[in-house]
Amino acid sequence: MFTRIARLLTCIAIALPAVFVWAEAPASQSASQVIYLVRHGEKQRGPDTGSNPNLSEQGQARARQLAWMLEEVGIDAIYSTAYIRTKETARPLAELRNLSIQTYDPRKLKELAEQLSGAGDRILVVGHSNTTPQLVALLGGQKGKAIRESDEYDRLYIVIRDRDQVTTLLQRYGADSTAKPATVNTKTP
């Protein structure tokens, strides 16, 4: 756990200053576009949640963390699929930035990638475990290994498109989504 935290802090210390320089440069001075892509936060599970569940408490906390992280980078457009969990992940930042959430069809990622080219300088896209890496690749970035559908919610892609060059940063945010609660041995001697 300590090594994961130390590694995360090191990555953030190295990557974020560069991202904030790109994020804070006025559009007139920079031809770059920064697109932040995440999978929705943790969803409610159980027999009564149906096929379109809300975020769990952990997912709501993760959405607030994402909003806190991206509040100052100048997001000017937010995209989400029409599912409840993706819209709830995008909502805290949309409210902070006073932006509407634009919905997209996750079956039409190529069209979305083309649309994002002219959508703004700083964009957040909230998707799913199977669509987010695909969209990163369509934007010219490196998608990395597949997102674990069962328990990986903390991946944050930062795709920086600057003229003909694309840089992909992969970060983690919020609580470690794969951490298992500690078990307590209640057996008495």
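Reply: Let's start with Leu 156, which is found in strand 5; helices (H or I, at least four residues) and strands (E, at least two) are DSSP runs, numbered from the N terminus. This is a predicted model, where local features need pLDDT of at least 70, side-chain atom pairs count only at pLDDT 80 or more, and totals for chains, interfaces and linings use all residues. Residues are numbered from 1 along each chain as its sequence is written, and side-chain values use heavy atoms, with hydrogens and water left out.

Leu 156 counts as buried because its relative accessibility is 2%. Buried means under 20% relative accessible area, exposed over 50%, and partly exposed in between (1.4 Å probe, protein chains only). Leaving aside neighbours within four places in sequence, Leu 156 is in contact with residues including Tyr 36, Val 38, Met 69 and Gln 171, where contact means heavy atoms within 4.5 Å. Gln 171 is 15 residues away along the chain, yet the two C-alpha atoms are separated by 5.0 Å.

Tyr 36 leads us on to the largest nonpolar core, a group of 19 residues in which Tyr 36, Leu 70, Ile 75 and Leu 124 touch the most other members. Strand 5 is among the elements that give two or more residues to this core, as are strand 1 (32-39) and helix 2 (57-70). Such a core is a set of buried Ala, Val, Leu, Ile, Met, Phe, Trp, Tyr and Cys residues joined through side-chain atoms within 4.5 Å. Leu 70, again leaving aside neighbours within four places in sequence, is in contact with Tyr 36, Ile 75, Leu 93 and Leu 124.
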